[in-house]
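Thanks for coming. I have one structure to go through today, and I will take it a piece at a time.

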Amino acid sequence: MTKKISSSFDHIAEAWDKKIGEGGNDGSKTTVKAVFELLGDAKNKRVYEIACGNGFLARKLLEQGAKEVWASDTSSRLITIAKENYPSNDIHYSVRDGANFSGFPKSYFDAVIIHQGIFYIKDIASLVRGVARVLKPKGSLIFTLLHPLFASARQAVDRDIHALEVQQEYLKVRKIIVTRSWGKNCVSFLTYKRPISYYINACGRNGLLIESMIEPKAVFENDGSVKRTTIPASMIIKTVKI
């Protein structure tokens with residue numbers, strides 16, 4: 001029987017917090033830098049972060065001068081960690097599914113950010129409709145995804161990854177349980193695998209058009225060393241509400 005894994009990170013919240021830390025870990029630096037590059041000047045902006053985890057990116061938004069920061073996650077435990085371990089009275093936290101926008105004002109936010117979290121959200125159609133509703137005209141949705149070439153890059157440093165097999169599954173929409181080793185922790189979590197076109201088309205149907213993308217180079221740690229490749233690990237996409 002397949003073990004049932006929730007899409008919430010409640011069961012691995014402490015391990016996640018330890019991995020990410022107060023200000024993000026080395027693995028998040030490149031994508032976070034790209035998010036802020038696409039966001040532009042955060043000063044005086046109202047920003048909502050979906051799938052915020054322990055709130056490290058929400059805190060960075062405040063540091064960069066955002067006028068208001070709202071943040072949510074499906075994991076009540078991660079939200080508790082964010083509030084108790086990194087207290088801030090200036091972040092409006094809530095526990096909710098990413099596609100749940102109940103109680104949010106219409107045309108209110110300058111930007112919605114989903115950093116390494118959109119692939120945990122089941123209902124993308126409802127998510128994008130909700131984002132379009134709460135964004136101001138010309139407001140932006142910025143989200144990050146695993147790059148489809150990532151498996152090929154991993155193969156270069158880990159021969160146990162069969163890149164061709166993974167790439168042949170690229171166009172399939174499916175959910176999978178991922179198991180990872182985080183230091184002394186072995187964790188499992190549910191993700192949804194979808195091609196990039198799935199997200200782009202959902203955005204386009206709701207008046208969120210692609211403005212720009214960033215594909216930063218990947219950095220891998222292997223046997224204590226850092227190896228770089230020109231193959232990107234992630235893509236950061238900015239759409240604008242028309």
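Is Glu169 buried, exposed or partly exposed, and what is its relative accessible area? Glu169 is partly exposed, at a relative accessible area of 25%; here buried means under 20% relative accessible area, exposed means over 50%, and partly exposed is in between, with a 1.4 Å probe and protein chains only.

Before the rest, some ground rules. This is a predicted model, in which local features need pLDDT of at least 70 and side-chain atom pairs count only at pLDDT 80 or more, while totals for chains, interfaces and linings use all residues. Residues are numbered from 1 along each chain as its sequence is written, and side-chain values use heavy atoms, with hydrogens and water left out.

Now the charged pairs. A salt bridge is a side-chain nitrogen of Lys or Arg within 4 Å of a carboxyl oxygen of Asp or Glu. Lys172 is also partly exposed, with a relative accessible area of 45%. Over the whole structure the search finds six salt bridges.

Another of them pairs Glu14 with Arg77, where the closest N and O atoms are 2.4 Å apart. This one links distant parts of the chain, 63 residues apart: Glu14 is in helix H1, residues 13–20, and Arg77 is in helix H4, residues 76–85. Helices (H or I, at least four residues) and strands (E, at least two) are DSSP runs, numbered from the N terminus. Glu14 is partly exposed at 43% relative accessibility, and Arg77 is partly exposed at 32%.

Next, Arg46 and Glu68 form a salt bridge, with the closest N and O atoms 3.1 Å apart. Arg46 lies in strand S1 (residues 46–50) and Glu68 in strand S2 (residues 68–73), 22 residues apart. Arg46 and Glu68 are both buried.

Cys203 takes us to helix H8, residues 196–205, whose buried residues are Ile196, Tyr199, Ala202 and Cys203. They line one face of the helix, because they fall within an arc of 140° seen down the axis of H8; the arc is that of the directions from the helix axis to the C-beta atoms. After H8 comes Gly207, with a positive phi near 75°.
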